[in-house]
Amino acid sequence: AQSPKLHKTVVMVGMMGAGKTAVGRALAQRLGVPFLDSDHEIETAANMSIPEIFERHGEAFFREKERMVIRRLLEEERGVLSTGGGAFLAEENRRNISNFGVAVCLQADLEVLWNRVRHRDTRPLLRTADPFATLRDLYEKRVPLYQQADVSVVSDGSSTIEDMVDRVLEALR
Ligand code: S3P
């Protein structure tokens with residue numbers, strides 16, 4: 001029989017570059033449940049990319065959409081839900097996640113995260129003069145909040161996606 005934790009939506013939280021989308025998708029496949037992705041839902045509904053949404057409407061607008069989408073996805077359907085790196089910082093999102101799901105934090109060192117995000121131009125928050133310093137500041141502010149997740153799983157530079165899925169399943173047993 002499956003652990004009661006796996007009867008809830010498994011919600012992936014953590015920093016940009018932690019692997020929430022890749023690991024979440026592979027986990028959903030392994031569990032045979034739908035894969036849900038809040039950033040993707042926001043983009044589809046707005047018919048705009050995340051950078052465009054930030055540019056045209058600002059971060060506050062994005063956060064509002066993010067809150068609504070996360071609540072709707074959690075209410076609608078059980079599955080694996082990947083969230084954006086900022087989602088777990090809002091108290092209301094943490095409350096909805098703990099009501100409907102189980103929060104899994106994917107952790108990685110700052111250097112590992114930087115290596116994964118540095119070549120991509122899809123993160124509006126990193127469009128600064130010194131993106132590494134920005135990522136480091138976000139990391140320092142956010143890591144204490146991510147620790148409120150129900151379980152945490154660590155990814156090092158050499159962990160594969162399937163290793164991470166194994167570790168998440170182990171942590172949720
Ligand atoms: C954000 C992370 C992004 C996306 C948006 C804001 C953040 O998602 O939601 O750019 O605040 O950390 P990923 O964590 O999937 O990159």
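Start by selecting Gly19, which counts as buried because 24 C-beta neighbours lie inside 10 Å. The cut-offs are these: a residue is buried if 20 or more other C-beta atoms lie within 10 Å of its own, exposed if 12 or fewer, and partly exposed in between, with C-beta atoms placed from the backbone. Gly19 sits in the loop between β1 and α1. Element names follow DSSP runs, with helices being H or I of at least four residues and strands E of at least two, numbered from the N terminus.

This is a predicted model, in which local features need pLDDT of at least 70, side-chain atom pairs count only at pLDDT 80 or more, and totals for chains, interfaces and linings use all residues. Residues are numbered from 1 along each chain as its sequence is written. Colour by pLDDT, the predictor's confidence in each residue from 0 to 100: the protein averages 96, and 99% of the residues score at least 70. The model scores are ipTM 0.98 and pTM 0.96.

Keep Gly19 selected and show its contacts: not counting residues up to four places away in sequence, Gly19 touches Leu106, Ser155, Ile161 and Met164. Contact here is a pair of C-beta atoms, placed from the backbone, within 7 Å.

Ala18 is buried, with 25 other C-beta atoms within 10 Å. Beyond four places in sequence, Ala18 touches Leu106, Gln107, Ala108, Leu113 and Ser155.

In UniProt, an unreviewed entry annotates Gly17, Ala18, Gly19, Lys20, Thr21, Ala22 and Arg123 as "binding site". Such positions are given in the numbering used here, feature names are shortened, and annotations may be inferred rather than shown by experiment.

**The ligand shell**

Select the ligand next. Around the ligand are Met16, Lys20, Thr21, Asp39, Ile50, Gly84, Gly85, Gly86, Arg123, Pro124 and Leu125, where a residue qualifies if its C-beta atom, placed from the backbone, lies within 6 Å. By class, this shell holds four nonpolar, four polar and three charged residues. Ala, Val, Leu, Ile, Met, Phe, Trp, Tyr, Cys and Pro count as nonpolar, Asp, Glu, Lys and Arg as charged, and the others, Gly among them, as polar.

From the shell, pick Asp39, in helix α2 (residues 38–46). Asp39 counts as buried, with 22 C-beta neighbours inside 10 Å. Its contacts, leaving out residues up to four places away in sequence, are Ile50 and Gly84. The unreviewed UniProt entry also lists Asp39, Arg63, Gly85 and Arg142 under "binding site".

**Helix α7**

Move to Arg142, in helix α7. Arg142 counts as partly exposed, with 18 C-beta neighbours inside 10 Å. Not counting residues up to four places away in sequence, Arg142 touches Met15 and Leu89.

Pro144 is also found in helix α7. Pro144 is exposed, with 8 other C-beta atoms within 10 Å. Draw a C-alpha to C-alpha distance from Pro144 to Arg94: 14 Å in space, for 50 residues in sequence.

**The nonpolar core**

Finish with the largest nonpolar core, which has 39 residues. A core is a set of buried Ala, Val, Leu, Ile, Met, Phe, Trp, Tyr and Cys residues joined through C-beta atoms within 7 Å. Val11, Val13, Ala103 and Val104 touch the most other members. Elements giving two or more residues include β1 (9–13), β4 (101–107) and α7 (131–146). Of these, β4 gives the most to the core, with five residues.

Terms used:
Two residues are in contact if their C-beta atoms, placed from the backbone, lie within 7 Å.
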